[in-house]
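Look at the structure below and keep it open while you read.

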Amino acid sequence: MKTTKKKVLVAVAFGLILASCSTDELKKPSEHSLELDKRQVQGRSSTLENTISDGIVGNLNWTISGKKVHDFSHDLNKAVIPSECDNTPFRAVTSYYNNALINGFISNWDGNPDAISVILDDYFVINQIAALDDYKNADTFGANGEYTNYVKNNVRSLEKFWNMPNLITVRGQHTSSLQDLDFIRFIYENYSSASPADVDYFLSIAEHFNTASDQIPENPFYASDGFATFDGFIVIGDGIVSMLSETGLDPKVIWSSILAHEWGHQIQFKNYNIWNYPVPAFNGTPESTRMTELEADFLTGYYLTHKLGGTYNWKRVEDVLSAFYNIGDCGFTSPGHHGTPNQRIEAARQGYLYAANQQKKGHISAPQVVHDAFISRLPAIVGL
Ligand SMILES: [Zn+2]
């Protein structure tokens, strides 16, 4: 199925030249015209790569305010420039969709640099706003809302387990939000300083790509955010879950795992002025980020396998966590900041062992006690 899709994308690129041929010629495209078009596409590809290397400048004035943790996001630098990734199933899926998105863009692109800003930068920001500012079905989960009840039940379970009622808002993100051109116009009008003429111009670019490409905005990377904000929001996109589930993992365990990890960051935020750490939390250094990420993993292992929490057995949790801890440099945040895959799995496993030790007594530790348990295990986890 994936191979077929790729062929369709190539066919779209060739279609421009073949459109004026007769039916007979269409059946037998000359080698010459195919080669010519390949060169054009390759030329645009290298133009895109150079532009992205210099940094894309988007048109929207928007950043998530305050402290935040962004665990998943699409990084076009890494999407366009080939990286040396291990051949894990999840990397194969993400690299397939990376290439599909870039090919979908290039094959419908006339070389106009403004299209890069709109389609490969603004679109990601627009969909972040759509989720975080609650414009587009942000209270539903899954492309068709099929995981809405499941996620809401998980939220209630996390609230109860960690004694955090009504403190955290979880929002979904969907590629379909970007199909709504009126919504895109609304975002440019309210979140940028573009003139009315410029907004019309951006919309003409959006309309062209939305119509011409089957990847824009359908590609799952447009809904691949996973982050937690200091003021109590968690955003999880359908795309990150669907890409992980394409490796054969159970989507419900994926939703639960990402949610438990982001919730772990919310517990850290809530205790920001209370908890002591060996290095300051959330100060932006790699050591600090690794520490808070490993703690979120520990909290995830603890909650997900606890008999009064997620109730999953460790093996199922380990399979899912292993898949996204092995993301490496294939389009996501650097592993140097989040901890190595071994450290991350060990942090979660220690959380699981800690839960296994106590749950016989039907006991849930207070967050402070779980935090202390993590800190005492941190040197051993990092030493791996
Ligand atoms: Zn995290």
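In which kind of crossing, left-handed or right-handed, does α15 pass α16? The crossing is right-handed. This is a predicted model, and the two helices can be found by number: α15 covers residues 341–358 and α16 covers residues 367–382. Their axes come within 10 Å and cross at roughly 140 degrees. An angle over 145 degrees would count as roughly antiparallel, and one of 65 to 115 as roughly perpendicular; α15 and α16 are therefore oblique to each other.

On the α15 side, the contact is made by Q343, E346, A347, Q350 and Y354. On the α16 side, V369, V370, A373, R377, I381 and V382 take part. Seven of the residues in this contact are nonpolar, two are polar and two are charged.

Next comes the core. In soluble globular proteins, nonpolar side chains tend to be buried together. Here the largest nonpolar core has 105 residues. The members that touch the most others are F105, I119, Y123, W162 and W263. Helix α6, residues 113–132, gives the most to this core, namely 13 residues.

Take I119 from that group. Apart from neighbours within four places in sequence, I119 is in contact with F105, F124, I205, A206, F209, I216 and Y222.

Finally, consider S117, which lies in helix α6. Is S117 buried or exposed? Its relative accessibility is 11%, and buried means under 20%, so S117 counts as buried. Again leaving aside neighbours within four places in sequence, S117 is in contact with I56, V57, G58, N59 and D122.

Notes:
Residues numbered from 1 in each chain as written. Predicted model: local features only at pLDDT ≥ 70, side-chain atom pairs only at ≥ 80, totals over all residues. Heavy atoms only, no water. Core = buried A, V, L, I, M, F, W, Y, C linked by side-chain atoms within 4.5 Å. Buried < 20%, exposed > 50% of the residue type's maximum accessible area, 1.4 Å probe, protein only. Helix = DSSP H or I, 4+ residues; strand = E, 2+ residues; numbered from the N terminus. Contact = heavy atoms within 4.5 Å. Axes fitted to C-alpha atoms, helices over the stretch in contact; angles between N-to-C directions. Parallel < 35°, antiparallel > 145°, perpendicular 65-115°, else oblique. Left-handed = near helix turned anticlockwise from the far one by under 90°. Nonpolar A, V, L, I, M, F, W, Y, C, P; charged D, E, K, R; others polar.
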